[in-house]
Amino acid sequence: MPDPVTALVVGGSQLVGSFMGAEAAGDAADIQAGASREGIAEQRRQFDALQALLKPYTEVGVPALEAQQAFLGLKGPEAERAAIERISGGETFKSLAQQGEEALLQRASATGGLRGGNIQGALAQFRPQLLNSLIEQQYGRLGGLTTIGQQSAAGVGTAGMQTGTNVANLLGQQGAAQAGGVLGEAKAYGQLFNLPAQMLGFQYGAGGKAGVGFGF
């Protein structure tokens, strides 16, 4: 029959081991869950930083697109007229028109054609052609801004989708870590609850009977 002290030592060791195992499982789960939380916070911080960085480019694309729509008449005749008048009434148009007309007159004067029909026709066509050229130039510039805004918005959208995927993965890891910690603690405590039966089995396995050696 085994010494009861030996049985108590064995049982005590298992008891301590079970407690330590439960604590270790809980600590490991907390560490893993904490790492996942930090990863989620960093992902969101990086996305916010990217969004703030691209915000000026994203915002500039909206008014540029609206201005293009105005030139095309998509926002109504009044908006189209106002867009054209901003160019025809601008200093750039006035300055170029004056310079161009003076150049035509000087050329006609040098060739003696001031009173001819050619110079009159050239002068009549010059301003409309200049206005059309400036409108196309302005539309192209607005197109560049629209493209910048579109690409920036697409970049933010792609980053947002990637951030969402990463956060979802980290949340899954966090949940798995917490679940693993709960299962680890349950297993450790389950071993603890089995100690009385194990100690009785230790006694019976030695050929004794229950209570022998414990003063029963």
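Of the contacts in the chain with a separation of 6 or more, what percentage is accounted for by residues 24 or more positions apart? The figure is 79%. Keep in mind that this is a predicted model.

**Whole chain**

Show the chain as a cartoon. You will find five helices and zero strands. Read from the N terminus, the elements run α-α-α-α-α. The chain has 216 residues, and 24% of them are buried.

**The core**

Select Ala64, Ala70, Phe71, Ala83, Ile87, Phe93, Ala97, Leu130, Leu131, Leu134, Ile135 and Leu142. These twelve residues are the largest nonpolar core. Colour the helices next. Those giving two or more residues to this core are α1 (4-71), α2 (77-88), α3 (91-111) and α4 (117-193). Which helix gives the largest share? It is α4, with five residues.

Stay in the core and pick Ile135. Hide its neighbours within four places in sequence. What is left in contact with isoleucine 135 is Phe71, Ile84 and Ile87.

**A buried glutamine**

Move to glutamine 68, in helix α1. Is glutamine 68 buried or exposed? Its relative accessible area is 9%, so it counts as buried; the cut-off for buried is under 20%. Show what surrounds glutamine 68. Beyond its neighbours within four places in sequence, it is in contact with Tyr139, Leu142, Gly143 and Thr146. Leu142 also belongs to the largest nonpolar core.

Glutamine 32 counts as partly exposed because its relative accessibility is 45%.

Tyrosine 57 sits in helix α1. With 44% relative accessibility, tyrosine 57 is partly exposed.

**Salt bridges**

How many salt bridges does the structure hold? There are two.

For one of them, select lysine 55 and glutamate 59. Their side chains meet at 3.9 Å, N to O. Both residues lie in helix α1. They are four residues apart, about one turn of the helix. Lysine 55 is partly exposed, at 48% relative accessible area. Glutamate 59 is partly exposed too, at 47% relative accessibility.

For the other, select glutamate 101 and arginine 127. The closest N and O atoms of this salt bridge are 2.6 Å apart. The pair links distant parts of the chain, with glutamate 101 in helix α3 and arginine 127 in helix α4. They are 26 residues apart. Glutamate 101 is buried, with a relative accessible area of 19%. Arginine 127 is partly exposed, at 36% relative accessibility.

Conventions
Residues are numbered from 1 along each chain as its sequence is written. This is a predicted model: local features need pLDDT of at least 70, side-chain atom pairs count only at pLDDT 80 or more; totals for chains, interfaces and linings use all residues. Side-chain values use heavy atoms; hydrogens and water are left out. A nonpolar core is a set of buried Ala, Val, Leu, Ile, Met, Phe, Trp, Tyr and Cys residues joined through side-chain atoms within 4.5 Å. Buried means under 20% relative accessible area, exposed over 50%, partly exposed in between (1.4 Å probe, protein chains only). Contact means heavy atoms within 4.5 Å. A salt bridge is a side-chain nitrogen of Lys or Arg within 4 Å of a carboxyl oxygen of Asp or Glu.
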